[in-house]
Amino acid sequence: MVAYIIRRVIVGVLMLIAMSLVVFTLFFANPVDPAQFACGRNCPADRIAETRKALGFPDPNLSAPEKAVATVNQWGGFLKGTVVGREFPLNEGLREAAPDQVTQCPAPCLGYSQTNQMTVNEEIAEAAPISISIAGVAIVIWVLFGILFGVFAAVTKGTIIDRAVVGSTLLLYAFPTFFVGTLLINWVAIQWGIFPSPGYIPIAEGGIGQWFVQLLLPGFTLAVVYMAGYVRMTRAFVLESMSEDYIRTARSKGLKGPKVLFKHGLRAALTPLVTMAGLDFAAVMGGAIITESVFNYYGLGKLAVTANTNYDLPTVVGLVLLLGALVIVANIIVDILYAFIDPRVRVA
């Protein structure tokens, strides 16, 4: 088991390194001057030159081979910064008072935003707890109720209950997230007053209770979109596993229906569901842009939109690398969970 985990971690690290090289090639090895985007809109020429020097961007006038070498050097500097950190020029407002000072970006350093005059790490540190909170509440809702309703639909296969469960989840899936979110705000929060008006409250300020209550509406908005898929997948996998020979053998030995269903049938169906849950959680971390905008939560999704609008290239690159790393880490965790659910995976 330990050897299997070590192999998966090594592969994951190699994938992270390869992904970072691809990202830097796509963003920096192109005809567009990256310093112009990193500096922001309406940036004067001297600031662009200063930004290019501070962040190590290649000169746009270089030839293709020279630009490739400069991109590799930029990538190497980034990798070094993730291990030992980097230094950037002091924020513009303080530069005249202390021209020799620098802004420290501790490891793992993801870059420095000239637009916001702060490190990408600081930007992500402000937005990530909100996205993690929303995604965490959402995944609990959609996995719990998706599996529950999926098993219920499988047990009542062919009945009106089965059709009602599957049909209602598909109906919810058909509504876009901005419609569901707006509907919840207008009716559940404002008209009926069941929940308070949306607004993120950290645990340190309001405690776990208020933190959780404020996340229920955006969490449910995301959950209804994903839950339909889990209901259908759980139903299909449970029906498939319940028709296997080992299930008939267990029943012939006198095992009761619930024990056969949950101990043998559902466990076999969990493997593909774990894959879905891991990848969906990683996607929601940076993909809940509409939900965060509707509820006015400044998470990673909204940060990405703002960075693209402001041509904040270091923030965009840092977010792409972070979210790509989350997908890779999610795959590693899923592979490890596979080994616990199905021991046969360990020898693969």
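These legends walk through several close-up views of a predicted model.

**View 1. The whole chain, before we zoom in.** Welcome to a protein chain with 14 helices and four strands. The chain holds 348 residues, and 43% of them count as buried. Looking at contacts between residues at least 6 apart in sequence, 66% join residues at least 24 apart.

**View 2. The largest nonpolar core.** Here we visit a core of 68 residues. Those with the most contacts inside this core are Phe24, Ile124, Trp142, Val238, Leu300, Val317 and Leu321. Helix H6, spanning residues 120-155, gives the most to the core, with 16 residues. Both domain 1 (16-109) and domain 2 (122-341) take part, each supplying at least three residues.

**View 3. Ile124 and its neighbours.** Ile124 sits in helix H6 and is among the residues with the most contacts inside the largest nonpolar core. Its relative accessible area is 9%, under the 20% limit, so Ile124 counts as buried. Leaving aside residues up to four places away in sequence, Ile124 touches Leu110, Pro129, Leu300, Leu303, Gly318, Leu319 and Leu322.

**View 4. The surroundings of Trp142.** Trp142 is another of the residues with the most contacts inside the largest nonpolar core. Residues up to four places away in sequence are not counted here; beyond them, Trp142 touches Ile147, Leu222, Ala223, Tyr226, Met227, Tyr230, Asp280, Phe281 and Val284.

**View 5. Helices H13 and H14 meet.** Helix H13 covers residues 300-309 and helix H14 covers residues 313-341. Their axes come within 9 Å and cross at roughly 145°, and the crossing is left-handed.

**View 6. A cis peptide bond at Pro108.** Most peptide bonds are trans. The bond from Ala107 to Pro108 is cis, with omega near -5°. To find Pro108, look in the loop between strand S2 (102-105) and strand S3 (112-113).

**View 7. Two loop residues with positive phi.** Most residues other than glycine have a negative phi. Gln117 has a positive phi, near 55°, and is found in the loop between S3 and strand S4 (118-119). Asn296 also has a positive phi, near 60°, and belongs to the loop between helix H12 (289-294) and H13. Is each of these residues buried or exposed? Gln117 counts as buried, at 18% relative accessibility, whereas Asn296 is exposed, with a relative accessible area of 57%.

**View 8. Gly193 in a loop.** Our last stop is Gly193, in the loop between helix H8 (177-191) and helix H9 (203-242). Its relative accessibility is 47%, between the 20% and 50% limits, so Gly193 counts as partly exposed. Not counting residues up to four places away in sequence, Gly193 touches Trp187 and Val188.

Technical notes:
Residues numbered from 1 in each chain as written. Predicted model: local features only at pLDDT ≥ 70, side-chain atom pairs only at ≥ 80, totals over all residues. Heavy atoms only, no water. Core = buried A, V, L, I, M, F, W, Y, C linked by side-chain atoms within 4.5 Å. Buried < 20%, exposed > 50% of the residue type's maximum accessible area, 1.4 Å probe, protein only. Domains from an automatic or database assignment. Contact = heavy atoms within 4.5 Å. Axes fitted to C-alpha atoms, helices over the stretch in contact; angles between N-to-C directions. Left-handed = near helix turned anticlockwise from the far one by under 90°.
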